[in-house]
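Here is a friendly walk through some side-chain contacts, with the cut-offs given along the way. Have the structure open as you read.

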Amino acid sequence: VQLQASGGGLAQAGGSLRLSCVVSGRTFSLFGMGWFRQAPGKERELVAAINWGGAITQYAASVEGRFIVSRDNAKNTVYLQMNSLKPEDTAVYFCASDQSPYNLGSRPGYWGQGTQVTVSS
């Protein structure tokens with residue numbers, strides 16, 4: 001199973017970025033997906049998760065109302081639209097595929113390589 005994340009970069013506070021993660025090696029549509037982030041000196045945390053069908057999502061309180069997670073099962077891709085970015089959103093962002101099928105996506109079984117997001121004030 002391989003997960004390839006892309007879309008990170010530098011943004012100004014208040015700006016937007018869109019992350020993408022393409023999954024190969026498993027039946028993408030059966031597994032929930034999650035986006036996690038890790039800032040320097042901090043533990044990795046769940047940012048957003050989406051269930052296998054895309055109907056159920058979950059967000060960290062710190063990004064609720066600003067970030068949107070979505071998926072396109074035809075393209076084996078999960079997205080994270082990040083709006084109204086803040087300097088505290090600066091971190092390495094990782095996508096992950098759930099351990100088991102038909103779950104939400106908050107219990108990683110496989111990880112992507114991470115993509116850096118830096119938000120300047």
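W111 is partly exposed, with a relative accessible area of 36%; that class lies between buried, under 20%, and exposed, over 50%, using a 1.4 Å probe and protein chains only. This is a predicted model, in which local features need pLDDT of at least 70 and side-chain atom pairs count only at pLDDT 80 or more, while totals for chains, interfaces and linings use all residues. Residues are numbered from 1 along each chain as its sequence is written, and side-chain values use heavy atoms, leaving out hydrogens and water.

**Aromatic pairs**

How many aromatic pairs does the structure hold? There are 3, where a pair means rings of Phe, Tyr or Trp (its six-membered ring) with centres within 6.5 Å; planes under 30 degrees apart are stacked, over 60 edge-to-face, and the rest tilted.

| Pair | Centre to centre | Angle between planes | Class |
|---|---|---|---|
| F36 and W111 | 4.9 Å | 65° | edge-to-face |
| F94 and W111 | 6.2 Å | 85° | edge-to-face |

F36 belongs to strand β4 (residues 31-38) and W111 to strand β10 (residues 108-111), so their pair ties together parts 75 residues apart in sequence. Strands here are DSSP runs of E with at least two residues, numbered from the N terminus. F94 sits in strand β9 (residues 91-101), so its pairing with W111 in strand β10 joins parts that are 17 residues apart in sequence. F36 counts as buried at 7% relative accessibility, and F94 is buried too, at 11%. Through these ring pairs, F36, F94 and W111 are linked into a cluster.

**Charges over rings**

A charge sits over a ring if NZ of Lys or CZ of Arg is within 6 Å of the ring centre and within 35 degrees of the ring normal. The charged end of R26 is placed over the ring of F31, 3.5 Å from its centre. R18 lies over the face of Y79, at 4.0 Å from the ring centre.

**The disulfide**

A search of the whole structure turns up 1 disulfide, defined as a pair of cysteine sulfur atoms within 2.5 Å. Which cysteines form the disulfide? They are C21 and C95, with sulfur atoms 2.1 Å apart. The link of C21 and C95 is right-handed, with 60° about the S-S bond. C21 lies in strand β3 (residues 17-24) and C95 in strand β9, so the pair links distant parts of the chain, 74 residues apart. C21 is buried at 0% relative accessibility, and C95 is likewise buried, with a relative accessible area of 0%.

Key
Helix = DSSP H or I, 4+ residues; strand = E, 2+ residues; numbered from the N terminus.
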